[in-house]
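Student: I'm new to this one and would like a close look at a single part. Could you walk me through the inside of it, starting with whatever space is enclosed there?

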Amino acid sequence: MKQFLIFKLFVIVIYLKTSNQFNVSPVPNYAFKEPDLLTGTKFGSSLFGFSITLRQSSIIVGAPKAQSDLIEQRNVNETGAIYKCTFTDKTCKPFVFDRNGNLIEDSLDSRLKDNQLLGFAVDGLGNNDQKLIVCAPHMKSTMTVSRVEEYYLHGVCYWTGESSTDPPRSRRITALKNKDLQSKKIGNKSVYYHWLGEMGFSVHITDNNKEMLMGAPGINNWQGSVVHYKYVEQTDNGTNTGESTASVDENKIIEVDATETGIDEDSYLGYAVDSGYFLSKTPNQLYYVSSAPQATQQSGRVYIFSIDKVSETSHVMKTHKQFDSTQMGEYFGYSILVEDFNNDKLPDIAIGAPLFTKTGFEENGAVYVYLNKDHWSFELQGEITSQYELSGRFGSSLGKIGDINLDGFNDIAVGAPFEDQGAVYIYLGSNHGLNLRKPSQRITPSKNFQIPNKNLMFGHSISRGVDIDQNEYNDIAIGAPAAEQVFVYRTYPVGKIDSTMRVSKRELKENDRTVKVTTCWIIKSATPVRNDLGMTVILKADYLNNRAKWQDNQNSIYETNVTISGQSKCYEFDLLIEYNPALVFRPIDIEMEYSVHDQATNSQDFCSTCVKFDSTEINYQKETIIYSTGCAGTVCVADLSVKSSLINLTPPLILGAVNTITVKYDVQNTGEPAYLPQINITLDNNIATFARIPSSCKFTNLNERELVCDLTKGNPIKTNEVQTLIVSIDGAKLEGDQFSITAVVSSSGNERNQADNRITDQIALNEFSHVEIAGKSSLDTFTLENIDKDLVNIVHKFEIINHGPSTLREMSVHVFVPTKYRAKDKKNAIQLIDINELSIQGIYNGQRLQWTPFSVAMPASGTNGRSKRDVKKTRKSKFALDELPAERTIKFLCDENGFEDNLCMNSYANLKNFLKGNDPIVVSLNFTLKIKSFENIFHDAKDIFILQTIADVKKPINEKQENIKVDAHQPYTVVFKHVKASTPIWVIIVSVLAGVLLFALVTYGLYKIGFFKRKRNEDRMNQNGEEMELKGPNNDNE
């Protein structure tokens, strides 16, 4: 027999900070426990509070494991029980729907109530005179088949039209008693059809108080289904003695056939149920919702469907919308709730998945929120999770609490019964849907009700929102079945404070010594505020410059208490001003902070006069007064204008070439003095930021693309005065074709002409990059006579560097390889490089480039729009290619001319963000050269062969190619036919003879000029000696 996930008890101890409390009472105002048994013995936990329904004057509580104390049921073990707990006497009593014991007979009409789990599911609307339904999904029947006593897990539900009468006038719903449908053959397979249906595992009463939907997840081998009952007003045959004498008219009970929906077995359809009016075009058409948390391979799915009538005895499920889980095993659809969160008159849907995991280890839980866009279109607003990092099972329950703060939007309560001792979160609705970022409140068990080292499962059940105290705000109940307790929390009215602060003078004269400050407050609320509330007010005035003091305490800071209410209340405060000529042009700031006294206590006594306020509201006001001089009226009329200029920059701006863009603003005033002059500077480009913030500037609203600057540090701009501000913008991160800077000037006074108060500079942006390609070959040259193999493997390597200044946002690297050579006098091309042996790799910044397969290439000049590449620019080597004799050299390459003779192949790789700098793109091209092919190429006139590959860089076709300059030094391999020198013998002989002849001519010329007739060194020395003897020695004495 299949077992359903009902509950799981953990004990988890962890500290979790509580969020600020909002308008739900911080402690329960009512706490109910299961009453003691009058007869019989209690053996285990009753799970009192496993299910709850809040009514106007009471709360209905299910205890599915309770022991009945009815005399008629004294022999029934743990039948389960329903209790009614009233607010007047704060006690709980059994609310008996069925006082009979087991009905034992050998038929499907038998009813065995041992462990039937009565109270496992209950539902009802809030008024006492509206329907209430309770279910026992494990009520069994028994029948002997082929001498074997068989048990059938049918389930049963009881409903009543109101809850004021005790005991209630109840009616029983049993829908799975058809003997022919206990097992059924579907196709070629026999299945348990109604046999283990478990009707009443979940239950729902529609908002119109007319229809009931009961989940039966065990039908059809646990494919699951639902049972529907629509109430039709008729004569009530029930009595006031417990169960009615007649069952509900069977014709109005519909077991919905889901066999043709494609839902798999073991999906548990009917695990949770709800309903709603989902379409605007048919606002009165009710649709139903049911979950199958084990569908789609244990991921989970939720269905919106209608019930189509095929015949009087056959109704089928027609699916209109389905929602799928995104995480396997999260039990998507464990809980569901239909509610309009954004007040667009279309119900949205929240789906709980308590086994959702953040890390793969803990069952953290999540709630998915889908907003209804009409026409069966839903948008996932987001998922809600708590900050609890252990297995809290957030989303185990969802409470339809309504608009708990009366702001016009419905809210939701989410249970996390295994967060410590359990927790419930409140999320508020808005015109955008639920506020998913932060709950407005987190409710946990009060210390008075906690049990040490025990998980209470607080939040396992959450009631609908019902106003039990007539203050127009819905209250809620929360069950803690592991503690056998139920708590009721009343909600406080919510108010919002509207405040104003006025000053008697906005501009001061020199002789002004007092200013009256008037503050007014009013509490605005959806319900009347009939009592005064205390509030603390802190007033500050020019406390940094010490020119103002409050008369009441002779200090710049004054704290006082006032009372406010639903009627506007105003208070006056006198501010004393001290004139300081040195600070005459600095404004005087007057600030007010205020906070309402929280009168709610942490006791169970509810404060009926209290009002709660949203702690996120800003309770602050500020006014500024200034000294006025030189103006005709009370308020100065300035005439500001602004002009801008770019410093050391002429558009268009080359991206990357300028790190900082400097803009100078000149603000001139041709009117009366401009007090508190400001300039607001805004950048429109999302990437543009300010490089340096002047000390007189600050960001507005944490927006780093908008500056507001004080032009004069508190001083006014006088008539015909010009103030200058220089701002710097970070140009390193700019992108796109242009960006704009807008400046707007203003002052605290009036403006004569606003047309020249604004200026926008549009700065054009261009890209330009200088790219260098450096090629290198693993084999520069070789001679055929020295090669004794048929194939030679060669690697041509390219290093591609972006010298900037711009980053190439999008580009591609192309490599061209000649593979076949076709001589002009030959028809057939000669295959020199095997295409299948070509391989290419490229790496940039540690990442491999993705290359396209080699394909036949078009001419390089035709593909990039630029003039043909200078293939003669080769790297320095043993010799220059230009020095090779042209009449003997064959060029085998893919330049503009090479395409005419050679078959060229091309491969390319796309790359984004090729940064300027020293990090190159490294490309390695591997190919194999067929040596034998040269026999058909070389001849007497041509005995030198140049093979050159080409790399190129290109921008996308739709971008300007002239914005990139490429210097290419392509790799090559030179093949010589003959040895080493590779020069024919006749050339050597002619050269030697020419050299001998040249030597003879030079010798003859030297002979003719007498070069060989010069005297030897010895002769010259003798001649010099004779000359010295004729002259004689010097006579120093003369």
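Tutor: Happy to. Let's begin with what surrounds the largest cavity: its lining residues divide into 18 nonpolar, 11 polar and 4 charged. Keep in mind that this is a predicted model. In total, 33 residues line that cavity, and the closest to its centre are Val122, Val203, Ser335, Leu398 and Ile462. Its volume comes to about 780 Å³, and a search of the whole structure turns up 2 cavities of 30 Å³ or more.

At least two lining residues come from each of strand E2 (51-54), strand E7 (121-124), strand E15 (202-205), strand E19 (273-276), strand E23 (335-339), strand E27 (397-402) and strand E33 (461-462).

You'll find serine 170 in the loop that runs between strand E11 (156-160) and strand E12 (171-173). Serine 170 counts as buried because its relative accessibility is 1%, and the cut-off for buried is under 20%. The side chain of serine 170 reaches the backbone oxygen of phenylalanine 97 at 2.8 Å.

One more stop, for contrast in topic: an open sheet of 4 strands, in the order E59-E72-E69-E66, with mixed pairing. Strand E59 (781-783) and strand E66 (889-892) are at the edges with a single partner strand each, so one side of each has no neighbour in the sheet. From one strand to the next, the twist averages 15°. Within this sheet, strand E69 (residues 944-948) and strand E72 (residues 972-976) pair in the antiparallel sense over 5 bridges, and glutamine 948 sits opposite tyrosine 972 in E72.

Technical notes:
Residues are numbered from 1 along each chain as its sequence is written. This is a predicted model: local features need pLDDT of at least 70, side-chain atom pairs count only at pLDDT 80 or more; totals for chains, interfaces and linings use all residues. Side-chain values use heavy atoms; hydrogens and water are left out. Buried means under 20% relative accessible area, exposed over 50%, partly exposed in between (1.4 Å probe, protein chains only). A polar contact is a pair of N or O atoms within 3.5 Å; within protein, one must be able to donate a hydrogen and the other to accept it, and residues adjacent in sequence count only if both atoms are side-chain atoms. Two strands pair if DSSP finds at least two bridges between them. Axes are lines fitted to C-alpha atoms, for helices over the stretch in contact, and angles run from 0 to 180 degrees between N-to-C directions. On a 1 Å grid over the protein atoms alone, a cavity is a set of points where a 1.4 Å probe fits but cannot get out, and a pocket is an open set with protein on both sides within 12 Å along at least five of seven lines; lining residues have an atom within 4 Å of a point. Grid points are joined across faces, edges and corners, and a volume is the space filled by probe spheres set on the points. Ala, Val, Leu, Ile, Met, Phe, Trp, Tyr, Cys and Pro count as nonpolar, Asp, Glu, Lys and Arg as charged, and the others, Gly among them, as polar.
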